[in-house]
Amino acid sequence: MNMIQAINSAMDVMMARDPDVIVMGEDVGYFGGVFRATAGLQAKYGKTRVFDTPITECGIIGVAVGMGAYGLRPVPEIQFADYIYPALDQLVSEAARLRYRSAGEFISPITVRSPFGGGIFGGQTHSQSPEGIFTHVSGIKTVIPSTPYDAKGLLIAAIEDNDPTLFFEPKRIYNGPFDGHWDRPTKNWSQHPAGEVPTGYYKIPLGKANVARAGEALTILAYGTMVHVCLAVVEEAGVDAEVIDLRTLVPLDIETIEASVKKTGRCMIVHEATRTSGFGAELSALVQERCFYHLEAPIERVTGFDTPYPHSLEWAYFPGPVRIGEALKKVMKD
Amino acid sequence: MTKPAIPGADAIALSLHIPEPTARPGDVADFSHLRLDAAGTMRRPDISTDEAEMRELPYGLVRVLDDNGEALGPWNPQLAPEILRKGLRAMVQTRLFEDRLFRAHRQGKTSFFMKSTGEEAIGVAQSLALAPDDMCFPTYRVQGWLIARGYPIVDMINQIYSNARDPLKGRQLPILYSARDYGFYSLSGNVGSRFGHAVGWAMASAYKGGHRIALGYIGEGTTAEGDFHEALTFAAVYRAPVVLAVTNNQWAISSFSGIAGAESTTFAAKAIGYGLPGLRVDGNDFLAVWAATLWAAERARTNRGATLIEFVTYRASGHSTSDDPTKYRPADEAAHWPLGDPIERLKQHLILIGEWTEERHAQMEAELSEILRDAQREAEAVGTLGKSKPDVTEMFEGVFKQPDWRVIEQRGELGIRS
């Protein structure tokens, strides 16, 4: 399966298992979603379980919170993460706080799916990575898969979870892993072991990172598309790096990170999102606080620049093999 | 050289219109701009009527009780006297409760309080008219809902004092209650954000094939928030079984209703653009509130969808304990409010029909005062704000269902071991 099929399969599995799971969003119904992630679900489960909504992100999330309070398990879609901002009040002030402020009387077991990330010439409003805005909010979980296998298992876990979860899908790798070499032919998931996805139910626990490549020389912390770019850079450079795919940003698998950096003594953090106050800053602070006496070099961050995401300058902006390779040399010096 | 002609250059200069209330401090109160139909004059269409056939209703005013306390016209819900007395009791209890807790704030026993003086009929009538398992999505000004349903007064006060017995564990500002078993959804401080939750909850009920309906509340000032538009859109599109109530008390803190759009139209009339029935109702008339709510509830329960109801009322008290209304409106404006006081009007009606007396009323007030005094004493025996607190571990509970390592580590900073 490619990642879209895996995500579709996760919703299919959960809808078959639990009549309280419903899917809603702009164009998700009859049409099956602009990325086809919900294709076939309305035909299979009916219009009252998979339905199109008016174009209002705040409305979609607000209504989903009300449905969750009733006892349903809504899986709303925001068509692009770039368009999640109108829903910010609902996510931050309502979904994230409902359990806490009502002392558990009401909960918000919603899973908000949203394609995110760049590398597709999406320009300013089809490329952003806003995860850092949400990791800053207490009460929201944030999940970002990097393979079809993980996407399905993590999405099932998110839907079953009783807390509100943001599920950001790196759309650059919907159809195949992307190593950052935009000038070479793209691969598809059928050639990748993580494209092997069981058709039935399985889940990957939230809050557990995956060691995508074991190594001794340094630790690379990444998620989403950047996992594949980092793996390619490491192979090309011939460095024995440990590449950790975080998978869940909140709750974060701090144990795996800490153990790895204490072993390697060096750490590089890579994400597409802009640098200042991005999630990398939190990762850097945590590594500094917990692994200071094991560090042999300053922690390096390779991120998007502190600019809006440009269109024609896509590959100058995107943290690709050249920039990551240079940072790798820097962190490995001495 | 001649200048090129500028289109419209000879027209009058543009001017920006800023709405102003009819009276400011020192002025004589003036409500002559309000459309006030006489009691009993508005028709009551059958619940099966199409919205398009009822478009005069949002511009009129549904009233049952006239100035003498007589119940008139087709909207009279014909309630049994014991229901009316129950409603009167809950309204009086709400007012006495709020007066008492307002004083408690002035005495330094809590940090904040808000009263619903003059608006008691809305929360109380709707609380009693809807089914026990319906859910309301309240604003902070419908405490009467909880009192009418018999929510323990002492728990309300414990919440207001944020003491060790606070049902919300000291996490919420005073009066932002949550009472699921009483059909009262968790309040939050950001206004309007739960109007769409009511619609979503109602859609869920419809999806599950249940019979429960939702009631959303919003103040007239907050109708300006996008949440209002989104809720009406979803309610209309999916024919959600929800009653959407705008409590128009004329004032949003210091801004009069004209700032929210009332100069040009009524809030009930906003329903028309969404294809929803809109009712404009005397919010100080217990019988009218009851009747309109039941009419809308029956429409919702029979899959006819949502109704928007504007309850015309007046915020007789300040916005909150932090507000001084004499700085922006006439000090005696409430006394000039043409729809009177909801408690006095229902009392007058009950006396008129021979089901109540001044003596019984005075006796009830004395009895309720005693109940409230005892509840306050019980809460104060636990402690007022700062004198008694929930255990500090409560600060870290309920962020997620299970605390993650950050919360466990952070509570360790306060010496709490898991």
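Helices (H or I, at least four residues) and strands (E, at least two) are taken as DSSP runs and numbered from the N terminus. The structure is a predicted model, in which local features need pLDDT of at least 70 and side-chain atom pairs count only at pLDDT 80 or more, whereas totals for chains, interfaces and linings use all residues. Residues are numbered from 1 along each chain as its sequence is written, chains are lettered from A and ligands numbered from 1 in the order in which they are written, and side-chain values use heavy atoms, with hydrogens and water left out.

Two residues of chain B other than glycine were found with a positive phi. B:N303, in the loop between α8 (286-301) and β7 (307-312) of chain B, has a phi near 60°. With a relative accessibility of 64%, B:N303 counts as exposed, where exposed means over 50% relative accessible area, buried under 20% and partly exposed in between (1.4 Å probe, protein chains only). For B:I175, phi is near 75°; this residue belongs to the loop between α4 (153-161) and α5 (195-207) of chain B and, at 1% relative accessibility, is buried. A:P251 lies in the loop that links β10 (248-250) to α9 (254-264) of chain A. Most residues other than glycine have a negative phi, and most peptide bonds are trans.

Helix α1 (residues 81-106) of chain B packs against helix α10 (residues 358-382) of chain B, the two axes coming within 10 Å and crossing at roughly 45°; axes are lines fitted to C-alpha atoms, for helices over the stretch in contact, and angles run from 0 to 180 degrees between N-to-C directions. The arrangement of α1(B) and α10(B) is therefore oblique, given that angles under 35 degrees count as roughly parallel, over 145 as roughly antiparallel, 65 to 115 as roughly perpendicular and the rest as oblique. The crossing of these helices, α1(B) and α10(B), is right-handed, that is, the near helix is turned clockwise from the far one by less than a right angle, anticlockwise being left-handed. Residues in contact (heavy atoms within 4.5 Å) include B:R85, B:R89, B:F97 and B:R100 of α1(B), and B:R360, B:E365, B:E367 and B:R373 of α10(B). By class, the contact of α1(B) with α10(B) holds nine nonpolar, four polar and seven charged residues, with Ala, Val, Leu, Ile, Met, Phe, Trp, Tyr, Cys and Pro counted as nonpolar, Asp, Glu, Lys and Arg as charged, and the others, Gly among them, as polar.

Helix α1(B) also packs with α4(B), at an angle of about 30° and with the axes 12 Å apart, and the two helices are therefore roughly parallel to each other. Here, too, the crossing of α1(B) and α4(B) is right-handed. B:Q93, B:F97, B:L101 and B:A104 in α1(B) face B:I153, B:M156, B:I157, B:I160 and B:Y161 in α4(B) across this contact, whose residues divide into eight nonpolar, one polar and no charged.

Residue B:I147, in helix α3 (residues 143-148) of chain B, is buried at a relative accessible area of 6%. Apart from neighbours within four places in sequence, B:I147 is in contact with B:A90, B:Q93, B:T94, B:F97, B:I153 and B:M156. The C-alpha atoms of B:I147 and B:Q93 are 7.3 Å apart, although the two residues are separated by 54 residues in sequence.

In chain A, helix α3 (residues 57-70) and helix α4 (residues 88-95) pack at an angle of about 25°, with axes 8 Å apart, which makes α3(A) roughly parallel to α4(A). A:C58, A:I61, A:G62 and A:V65 in α3(A) meet A:Q90, A:L91 and A:A95 in α4(A), a contact made up of five nonpolar, two polar and no charged residues.

Within strand β3 (residues 242-248) of chain B lies B:N248, which is buried at 4% relative accessibility. Leaving aside neighbours within four places in sequence, the contacts of B:N248 are with B:E220, B:S257, B:F267, B:E310, B:F311, B:V312 and B:T313.
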